[in-house]
Amino acid sequence: MRRQFVNFSFYKLDPAFRRLPQEEQDKGKREFLDVLEDYDGGNEMILLSYSMFGLRSDADIMFWRISYEVEKFMEMSTKMARTGLGKYLNQTFHYLSMTKRSTYVDIFNPEHEEDRTHIIPGKAKYLFIYPFTKKREWYLLTKHTRQGIMDEHIFVGLKYPSVKLNTTYSFGLDDHEFVVAFESDYPQDFLDLVMDLRETEGSRFTENDIPIFTCVAMSLEDVVNSLGV
């Protein structure tokens, strides 16, 4: 079964763009939106857009891209960089991963065969991006032991049905081992979920789980306008 490439690209606007003449700003924005719209809604890529303007100091907007061809991300990024707005956007974070069937069984729903080879975004209002890496000791545990630890992890997650989990894998592709994207309309539920997971046995085996991004879903045009230009 074909697996998807997944990309989370974060951009920070150079303030110099806001000091350009209004006509030049408008032209640059239109060029940038034209590129985004060319890739939106097609068969080659799923494209979702988010703003973090005013929420972080190191990233303003983010694009969640899903495709069967990693070259599509490169192609789109090149076209974005050639636009008037793109010339003033610095890519501050970038995560590349792939979908993969989970190696752990959901014992609480045994009739459900979990398949993570296809991501279908639920388009909730908020998206929380959470890259992380496990300690090497985790992989030295037996599969039976790891399954037991994951059972607790899954049980805690079931307490928060308003939070949808999308797990992707970066082994050998990027610096982290996993990138998880949590979708929810209720940030308070995600906060409580993360706090509860800190108290589980599995938390002992986390090597690194920062940075964490809170992103607000917007249309392509609204995301560009959220930059304050």
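The crossing of helix 1 and helix 2 is right-handed; a crossing is called left-handed if the near helix is turned anticlockwise from the far one by less than a right angle, and right-handed if clockwise. Helices here are DSSP runs of H or I with at least four residues, strands are runs of E with at least two, and both are numbered from the N terminus. The model before you is predicted, so local features need pLDDT of at least 70 and side-chain atom pairs count only at pLDDT 80 or more, while totals for chains, interfaces and linings use all residues. Residues are numbered from 1 along each chain as its sequence is written, and side-chain values use heavy atoms, with hydrogens and water left out.

Let me stay with this first pair of helices. Two packed helices are described by the angle between their axes and the distance between the axes. For helix 1 and helix 2, the angle is about 160° and the axes are 9 Å apart. Helix 1 is therefore roughly antiparallel to helix 2. The axes are lines fitted to C-alpha atoms, for helices over the stretch in contact, and the angles run from 0 to 180 degrees between N-to-C directions. Angles under 35 degrees count as roughly parallel, over 145 as roughly antiparallel, 65 to 115 as roughly perpendicular, and the rest as oblique.

Which residues bring helix 1 and helix 2 into contact? On the side of helix 1 they are F32, V35, L36 and Y39, and on the side of helix 2 they are K72, E75, M76, K79 and M80. Contact means heavy atoms within 4.5 Å.

I turn next to a second pair, helix 4 and helix 5. Helix 4, residues 143–157, packs with helix 5 at an angle of about 155°, and their axes are 10 Å apart. This makes helix 4 roughly antiparallel to helix 5. Helix 4 passes helix 5 in a right-handed crossing. H153, V156 and G157 in helix 4 meet L193, D196 and L197 in helix 5.

The next topic is charge. A salt bridge is a side-chain nitrogen of Lys or Arg within 4 Å of a carboxyl oxygen of Asp or Glu. By this rule the count comes to 11 salt bridges. I shall describe some of them.

K72 is buried, with a relative accessible area of 12%, whereas E44 is partly exposed at 47%.

R198 counts as partly exposed at 43%, while D209 is buried at 17%. Salt bridges that share partners also join R30, D34 and E37 into one network.

What of charged residues without such a partner? Lys and Arg count as positive and Asp and Glu as negative, while His and the chain ends are not counted. K29, in helix 1 (residues 22–39), is buried yet has no salt bridge, and the nearest side chain of opposite charge, D26, is 4.7 Å away. Not counting residues up to four places away in sequence, K29 touches F17, L85, V224, N225 and V229.

K134, in strand 5 (residues 126–134), is also buried without a salt bridge, and here the nearest side chain of opposite charge is E177, 7.3 Å away. Leaving out residues up to four places away in sequence, K134 touches Y139, E177, F178, G202, F205, T206 and E207.

Definitions and conventions:
Buried means under 20% relative accessible area, exposed over 50%, partly exposed in between (1.4 Å probe, protein chains only).
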